[in-house]
Amino acid sequence: MSSEEHSHDQSKDQRARWDSKYEQGLPSLTEPDPFFISAYERFVTPSLPKPGAALDLAGGLGRHALWLASRRWQVTVVEISDVAIGKLNQAARELNVNVDLIAGDAAEYNFEPAHFDLIVLFYHLDRSLFPRIVSALKPGGLLICKMSLRWASGESLAMASPNPLHRNELPSLVRELDVLHHKERPVRDRGVVEFVGRK
């Protein structure tokens, strides 16, 4: 099997896994993350008082995209799950907001340079995306990011991500950004990192 076929099968498996997860529609997948709201109020509101262009990568059911769109942001969502895209489309219609939906893997998305004022990335780790995220931010643009990370050295390997971030790794992946907020803390059997950076 060629590596291309292998990665195609992998993204098919991923799509199936997320489709079934989104069919269940858990509240944690539809409510905006409290960190997202606080980061928006602390960093986005003062520095970007006018809504601009936002990108929500691996945006799921659109919990952050719909919140932004209802505040008149022009939001693009990239999401691999067709189920999520369908539900997001329906939710956007019910809320009477516009969201640009792109069905596909974030890794295959064509990032335009200096295009977005705000990029949102929650719980989707692909280290190769970070240089492209940085280049897609306008000068002064913000990245709001939250990820799982490896917390204790002896922890079990039953992690959601096969190769999670290490402690203090995230800032090194986006060296060109000014770090406005970077906090790491343990959550259950793993850690979480919350990050806001400005270009």
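Q: Which residues form one aromatic cluster here?
A: F35, F36, Y40, W67, W73 and F122. Rings of Phe, Tyr and Trp (its six-membered ring) pair if their centres lie within 6.5 Å; planes under 30 degrees apart are stacked, over 60 edge-to-face and the rest tilted. Keep in mind this is a predicted model, where local features need pLDDT of at least 70, side-chain atom pairs count only at pLDDT 80 or more, and totals for chains, interfaces and linings use all residues. Residues are numbered from 1 along each chain as its sequence is written, and side-chain values use heavy atoms, with hydrogens and water left out.

Q: How many aromatic pairs does that rule give?
A: Seven aromatic pairs. In one of them, F36 and Y40, the ring centres are 6.4 Å apart with planes at 40°, so that pair is tilted.

Q: Is F36 buried or exposed?
A: Buried, at a relative accessible area of 0% (buried is under 20%, exposed over 50%, partly exposed in between, with a 1.4 Å probe and protein chains only).

Q: And how do the rings of F36 and W67 sit?
A: Their centres are 5.4 Å apart and the planes are at 80°, so the pair is edge-to-face. The pair links distant parts of the chain, F36 in helix 3 and W67 in helix 4 (residues 63-69), 31 residues apart. Helices here are DSSP runs of H or I with at least four residues, strands are E runs of at least two, and both are numbered from the N terminus.

Q: What lies over the face of W67?
A: R71, at 3.6 Å from the ring centre. The rule wants NZ of Lys or CZ of Arg within 6 Å of the ring centre and within 35 degrees of the ring normal.
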